[in-house]
Each structure stands twice: as structure tokens, then as C-alpha cells.
Amino acid sequence: MSPPNQRRRVLSGIQPTGAGKHLGNYLGAVRHWTALQDEFECFFFMADLHSLTILPDPTELRQQCRKLVAELLAMGVDPAKSTLFAQSHIPEHAELSWVLSCLTGYGEASRMTQFKEKGGGNVGLFNYPILQAADILLYQAHAVPVGEDQRQHLELTRDLGQRFNNRYGETFTVPDPYVQTSAERIKDLQEPTAKMSTSKGGAGVLWVIEDEKQTLKKIKSAVTDTGREVGYDVEEKPGISNLLTILSVATGTPVDDLVGRYEGKGYGDFKADVAEAVLQMFAPVRSRFDELIADPGYLDEVLREGAATAGPVASATMATVRDRIGLLAPA
Ligand code: TRP
């Protein structure tokens, strides 16, 4: 239990691989993170070890890592308030992952749906959720903001934390999931029944960092539905409903108010407004990104400072773990 005057600790991670972050990542994850920074002690990290499960090209991985840091800072993660670091800079993640893997049943790991959906693969992919549990338990996080697709990984984290505590004595804080639902609500513009996703890419995905013309074109050519009324109905009008959600979150206006505003107007006016709102929301992020990506020295420095804060927390937990499980301390 933490003393009442200590701020609760929030932790979350995001993988660097892929073309970049998209509107769903921004609205569903990163914007929530930035909102938590004032109230909580936040640890945000780049899950670069998790990215190795897809064996990225080394040159591309390095670029994607710098890009992710610049994107996160541009989207509002503030290193003056939060600790932003690279998972691979803290060796205890991999070390604790090994210890936890010895507490995980083979069947238990096999039941992880993300692994099953990928149809198997390398052992890294199999161990992925155990590394994620290590990421979280290492920092004694109270709450972990993630999307719905990570719920099962968080359940495993809680199970492993409790299992360790029962066997070896209270060591880990067992974290609460803090599942953000809006992440799931942003759909692909071309296939509005599927969620917007990095792996899918294409004309249905709005990247936070892309040319304004691209964004405009994608919104203008978003799939709409038969009929002409701007109305919210996920079953009958998935395309328009998705655009309404985007406009609502981008402008902070409830969907119901928006629907009223477009009564008697066509899809064309509506799409133009969605495009305008998204461009306005992204404009400051994009200009800040351009400055940041031009300054790799600064990006590296942010990660260095992040590791300087995260490292001692991780090594303190790991020292307790080593002792509890009966490893000899090095002389
Ligand atoms: N698996 C998470 C995702 O794909 C990323 C992640 C890795 C993570 N380690 C974590 C998220 C720890 C939260 C906490 O979104």
C-alpha cells in the first residue's frame, strides 16, 4: 500500500514499429495519457523489445524509434511531468520476464488470444504477454491505461503478480486495468466495421504524421452509407457514425448536438467539416513533430533522462525479486 500522500502511479507502453501512430492511437490512447500527467506519476515507454517479435529491419527500427519519441512528445507527452523511456534501456524488463515465465503455465500462455490469432510464430511472440507483465510489475504501477485488445494481457499480469506475491511474499502492486473504450470506436475510413489499425494501413487510416493533402483526401473519400441523413447508427450507418465520432472527439462536441446541426445538409458539407476539424487538431502536433524529428540529439536526451528516473525504480524491484526467490547476491 502506498502512503496516501503519494501520487498513484500510471504506466503504459506503445510499440515503435509500423508506419507511425494513427488517429485511433491518438484519440484512444495518447490523448488519455497526456490527460493523466497532472494527476498521476506517469511512466510511458517505448516497447522496442516487443517490436522485435516481428524482426524489423534494424535501420527502419532505429528510425521508427526516433519517430515514435517525436510523435509522443508532439502529441503532448511532457518529459517535465512524465517519465518517457525506452524499454530496452532498462535491462530489468528482460530479466523479470524470465522470472515470470517460470511462474507461467504453458497452457496459460497458449490461451492468449493475440498469440492464437497470429497463428503462432516465434517464441518471442509466445512470451510477449509475459514481457508485458514484467513491464508493468517492475514499476509497481497502480493503473495501466490500455485499449480493449490488451485486457487479457492485463489479466495475466494481475495473475502473475498475485501468484508471485502468494508464493514469495508481498512484492508487487497488482495493477488495475484502465481500459479506454474510445480506442475501439475509431474505425477504418474505407471499412468502417473494422477498427483503424496500423497493420492494415491504406486509404482508411489517418496517420497523425502525414501530409495535410493526404488527410483531406482520405476523409473526402471515406466510405459513407446509403441514404443522405447525417445520423448516428453503428449498424445501419457505420461510415457516417464513425465520422461523427471523429468530429465529436476532435471538437469536444457530443454526437447528439452534431446530428442536430446537420439536419437537412448533405454528406459533402459534413465531410468538409470533419476534415477541417481533424486538420485543426493535428496542425500543432505536426508542426511540433517537424521540429522534434530534426533534433535527434534532443530525442536521445529525453530517453536518457527517462532511463535515469525509471532505472532506479526497476532495479529496486528487481533486487527484491532476486532476494525473494533465493538467488545469491553477487559478492
Ligand atoms: N502490448 C501493448 C500494445 O500492443 C504494448 C505494451 C507493451 C504495453 N508493454 C506494455 C502496454 C505495458 C501497457 C503496459 O498496445
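How many salt bridges does the structure hold? The structure holds 14 of them, a salt bridge being a side-chain nitrogen of Lys or Arg within 4 Å of a carboxyl oxygen of Asp or Glu. One of them joins Glu41 and Arg9, whose closest N and O atoms are 3.1 Å apart. Glu41 belongs to strand β2 (residues 41-46) and Arg9 to strand β1, so this pair ties together parts 32 residues apart in sequence. Strands here are DSSP runs of E with at least two residues, and helices are runs of H or I with at least four, numbered from the N terminus.

A word on the model: it is predicted, so local features need pLDDT of at least 70 and side-chain atom pairs count only at pLDDT 80 or more, while totals for chains, interfaces and linings use all residues. Residues are numbered from 1 along each chain as its sequence is written, and side-chain values use heavy atoms, with hydrogens and water left out.

| Residue | Distance to a ligand nitrogen |
|---|---|
| Tyr128 | 2.7 Å |
| Gln132 | 3.0 Å |
| Asp135 | 2.7 Å |

Taken alone, the ligand exposes 360 Å², and the protein buries 88% of that (Shrake-Rupley method, 1.4 Å probe).

Notes:
A polar contact is a pair of N or O atoms within 3.5 Å; within protein, one must be able to donate a hydrogen and the other to accept it, and residues adjacent in sequence count only if both atoms are side-chain atoms.
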